[in-house]
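This report goes through selected strands, helices and a surface patch. The structure comes next.

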Amino acid sequence: MSAASTPAVPSSFAELGLPPTLVAVLAAVGYEAPSPIQAATIPPLMEGRDVLGMAQTGTGKTAAFALPVLARVNLGLAAPQALVLTPTRELAIQVAEAFQRYAATLPGFRVLPIYGGQHYQPQLSGLRRGVHVVVGTPGRVRDHLTRGTLKLDQITTVVLDEADEMLKMGFADEVDFILQQAPKTRQVALFSATMPTAVRRIAQTHLRDPAEITIASKTRTAADVKQRYWLVSGAHKMEAVTRILEAEPFDAMIVFSRTKAMTTELAEKLQARGFSAAALNGDMPQNERERTVARLKDGSLDIIVATDVAARGLDVERISHVLNYDIPTDSESYIHRIGRTGRAGRSGEAIVFVAPRERGLLRVIERATRQPITEMRLPTLQDVYARREARFRDQVLEAVADDGHGNDPRPLLESIAADNNLSILDVAAALARLVRGPAASAEVDRAQASVTQASARGPAARERPRRERPDGESAGAAPVTAAAPRPDRAGKGTSPVPPGMVRYRVEVGYEHQLRPGQLVGAIANEADLDSQYIGRIDIFDDYTHIDLPEGMPPATSRILAKAWVCGRQLRLRPADAPAPAAPSPRAPRPPRAPGGSKPKSAGPRKS
């Protein structure tokens, strides 16, 4: 294979030898100068050479192969002259739309996307009418070739877009079969973000002396994408999402989840909290998926919750934010995810949720992307309230600017005020309460409240390792309420339970030499709960109150009830629940928690 060095980027598309009609269309859609991959790829493709292009997603590869195809298409021949293979249905649709957009000045040009999940009839009708370019997924293209409904005898160009993804998804046999059916004289353009062995084999087998073009980038992700992370465990992810959506200004957002089931669950939870959200996954019928994407484009939908595969190739200009609800387990998935925003020079925001045990994955992603991912400051409730007020203010001003097309409610409002001895301000305040929906806001507030507990101590406290202080208390553990005077045994004077938390009672206290760090360590270990989510601890003479997150699974409660600290079984229960029956007598066993070493008075546990 011959290598082509990346040329200097020309100042205009006209310098690449494209027809004036195409150059005019590109200027009309806002393309000012070719990107590096376009500058390097269009000239050899215009000359009829095979091309092996290696460039990251979002660099303009679609225009790089679409423009040469359109420059040479024979509009008088109603037969497929170019075939583009893509790994997913979404990308096939996106590429077909790009062809149609670039061909705005080509009368009678037809492009047809064909893919699995759609009925055959529309595809068969389109093929019978005659098309110039076919864009499809390998499986459905092979089906049409086998049925004889698609013929490649007039094909002059075959494009493999995101070849590494196609082969990773198991389409190697289909790609080989399709290329073998195409005429021997066809031109092949293969584009891939990476060059694994399987892609290299396809290139060596089916490409003839290609111009090999590599577009190197200093970073693996778009520089215009601001990347942040938030350290949060599963119990608080939904509350963190809600807080971000309430306070972070965004146009449209993709929330990525690892599983199809979780996309539906998250979308339903967001809808219940008043957000315009919908799921996007491979289990949905294709027409429903297409409607969902169309709604995102036209602004009637603001949030989609998607899996990696479902969002592959999705290019919607409105997407300003990508939120990784689940951190991906490999850096390539992360790069493709955040590539849905910050495209074509636009700025974007990427946020990733990281559980404490997933910090290693975050470091791997940073090394792969060669960009730092900074810890974000989760918006406070005050930020949320300020954002609500600003949105409501904007809505009021928009309503004032709208004349209502002659439907003036002012006479009615004046009548209500006069008949009930009210001021216009009283009536306006009542209407504002109705419009703003205080019940919905209260629900969101309750849902968000527990995340405040997790973030109250700030990033430094979350990162700081727990260590024993000279007084025996663990750093980062909740402080004891008071050393002297102690709260009385009836619990008088204890603080109220914060929203999102539940107060529990455990049967160990001062007289058992309990220290807060011992209890925190025991619960963190036994419940697999990060210590940052353990709330206030009030130690009494022979028992203790501790605040834990709401919604703790019953199985976890049972495990904690049987845990031991300071030679005592915790017997954890809600603070207001009746005391359980005393356990059968037996010698105490050493506690399992760090810092809770076996008391000297406790003998070895008997069998």
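The sections below cover the basis of the values, then strands, a helix and a patch.

## Basis

This is a predicted model, in which local features need pLDDT of at least 70 and side-chain atom pairs count only at pLDDT 80 or more, while totals for chains, interfaces and linings use all residues. Residues are numbered from 1 along each chain as its sequence is written, and side-chain values use heavy atoms, with hydrogens and water left out.

Strand β3 spans residues 82-85; strands (E, at least two residues) and helices (H or I, at least four) are DSSP runs, numbered from the N terminus. Ala-82 and Val-84 point one way from β3, Leu-83 and Leu-85 point the other way, and all are buried. Buried stands for under 20% relative accessible area, exposed for over 50% and partly exposed for values in between, with a 1.4 Å probe and protein chains only.

β3 runs parallel to strand β5 (residues 133-136), with four bridges joining them; two strands pair if DSSP finds at least two bridges between them. β3 also pairs with strand β6 (residues 157-160), in the parallel sense and over four bridges. Val-84 has a bridge partner in each: Val-135 in β5 and Val-159 in β6.

## Strand β13 and its partners

Strand β13 (residues 319-324) is mostly covered, with six of its six residues buried. Five bridges pair β13 with strand β10 (residues 252-256) in the parallel sense, and here His-321 of β13 is the bridge partner of Met-253.

β13 pairs with strand β14 (residues 348-354) as well, over four bridges and in the parallel sense. In this pairing Val-322 has Ala-350 of β14 as its bridge partner.

## Helix α21

Helix α21 covers residues 554-561, and its residues Thr-556, Ser-557 and Leu-560 are buried. These three lie on the same side of α21 because they cover an arc of only 100° around the axis, the arc being that of the directions from the helix axis to the C-beta atoms. Pro-554 and Arg-558 are exposed, on the face of α21 turned away from its buried side.

## A nonpolar patch

Leu-412, Ile-416 and Leu-422 make a nonpolar surface patch of about 260 Å². Patch residues have over 30% relative accessible area and no salt bridge; nonpolar side chains (Val, Leu, Ile, Met, Phe, Trp, Tyr) are joined within 5 Å, like charges within 9 Å. A salt bridge is a side-chain nitrogen of Lys or Arg within 4 Å of a carboxyl oxygen of Asp or Glu. Accessible areas come from the Shrake-Rupley method with a 1.4 Å probe, and for residues only the protein chains shown count as cover.

Leu-412 sits in helix α16 (residues 410-419). Leu-412 is exposed, at a relative accessible area of 55%.
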